[in-house]
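Visitor: I am new to this structure. Please show it to me, and then I will ask my questions.

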Amino acid sequence: MVEFDDAFRRQLRELFVWRRDVRRFRTDALPDGAVERLIETACLSPSVGLSQPWRFVTVDDAVRRRDVIDDFRTCNADALNCYSGERAARYAALKLSGLEQAPRHLAIFADKASEIGHGLGRATMPETTEYSVVAAITAMWLAARAEGIGIGWVSILNPERIGGVLDVPASWKFIAYLCIGYPEAECDQPELERANWEHRRGADEFTLRR
Ligand SMILES: Cc1cc2c(cc1C)N(C[C@H](O)[C@H](O)[C@H](O)COP(=O)(O)O)c1[nH]c(=O)[nH]c(=O)c1N2
């Protein structure tokens, strides 16, 4: 049996504190196999019925990457139009993706048609397929940070267009597009907090007692 001591627990807590959503990447390449190793770790995550519905698409083709960046620009311009006044000015000043600089792009889908797991746990809650994929992404995010690798989750994208650009099966639901690379800097505070967009709140604010 493997046991974890207090020193490990303290370090694990630091890992959670220092994990960041990264938008500012160095452009130097990651070591060979780094992304593949992160995918392997992500595959250790819990999944409904052990269905392992995560599907990973590494995106290295320059044309496809450019199409994704163009889609981000379109979606981000549309998003800006949803704000007005001072909030719009603040939104416009945010950096909301590192798509241009990040050396690696990784798209992640949930396979809604997979029969792995034989439907266990999904009859009343089919959305647990997507939840399982998100659990894997969170694991990857933390595992990456433990190696000094940054991940930025980009959701300002059109899921249908991304599915088309990447030519994936129709049953794959788009979950996330990740930028992966070394961060320009490390920080223990969310970038959106530093930019005065929103602040991290304490657990009490989100906890009901019954
Ligand atoms: C599902 C989902 C989707 C997105 C994000 C996160 C998650 C969980 N985040 C990152 C988000 O802004 C960030 O996690 C919070 O601001 C908290 O910061 P840290 O992750 O603690 O650094 C994010 N960030 C960004 O700049 N562009 C984006 O499109 C998204 N989309």
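Visitor: Is aspartate 167 buried or exposed?
Guide: This is a predicted model, in which local features need pLDDT of at least 70, side-chain atom pairs count only at pLDDT 80 or more, and totals for chains, interfaces and linings use all residues. Residues are numbered from 1 along each chain as its sequence is written. A residue is buried if 20 or more other C-beta atoms, placed from the backbone, lie within 10 Å of its own, exposed if 12 or fewer, and partly exposed in between. Aspartate 167 has 8 other C-beta atoms within 10 Å, so it is exposed.

Visitor: Where is aspartate 167 placed?
Guide: Helices (H or I, at least four residues) and strands (E, at least two) are DSSP runs, numbered from the N terminus. Aspartate 167 is not a glycine, yet its phi is positive, about 55°. Its place is in the loop between α6 and β4.

Visitor: Which loop holds leucine 50?
Guide: Leucine 50 also has a positive phi, near 55°, in a residue other than glycine. It is exposed, because 12 other C-beta atoms lie within 10 Å. Its loop runs between α2 and β1 (54-59).

Visitor: How far apart in space are histidine 118 and leucine 94, C-alpha to C-alpha?
Guide: Histidine 118 sits in the loop between β2 and α5. It has 10 C-beta neighbours inside 10 Å, so it counts as exposed. In sequence, histidine 118 and leucine 94 are 24 residues apart; in space, they are separated by 44 Å.

Visitor: What separates the C-alpha atoms of arginine 194 and glutamine 11?
Guide: Arginine 194 belongs to helix α7 (residues 191-194). It counts as exposed, because it has 10 C-beta neighbours inside 10 Å. Along the chain, arginine 194 and glutamine 11 are 183 residues apart, and their C-alpha atoms are separated by 24 Å.

Visitor: Which residues does phenylalanine 174 touch, not counting those up to four places away in sequence?
Guide: Phenylalanine 174 lies in strand β4. With 21 C-beta neighbours inside 10 Å, it counts as buried. Two residues are in contact if their C-beta atoms, placed from the backbone, lie within 7 Å. On that basis, phenylalanine 174 touches Phe109, Pro159, Ile162 and Gly163.

Visitor: What does methionine 140 touch?
Guide: Methionine 140 is one of the residues with the most contacts inside the largest core. Residues up to four places away in sequence are not counted here. The contacts of methionine 140 are then Leu38, Thr41, Ala42 and Ile151.

Visitor: How does α3 run relative to α6?
Guide: Axes are lines fitted to C-alpha atoms, for helices over the stretch in contact, and angles run from 0 to 180 degrees between N-to-C directions. α3 and α6 pack at about 170°, with axes 10 Å apart. Angles under 35 degrees count as roughly parallel, over 145 as roughly antiparallel, 65 to 115 as roughly perpendicular and the rest as oblique. So α3 is, relative to α6, roughly antiparallel.

Visitor: Which residues of α6 make the contact with α3?
Guide: α3 brings Arg64, Asp67, Val68 and Asp71 to the contact. From α6 come Arg161, Ile162, Val165 and Leu166.

Notes:
Core = buried A, V, L, I, M, F, W, Y, C linked by C-beta atoms within 7 Å.
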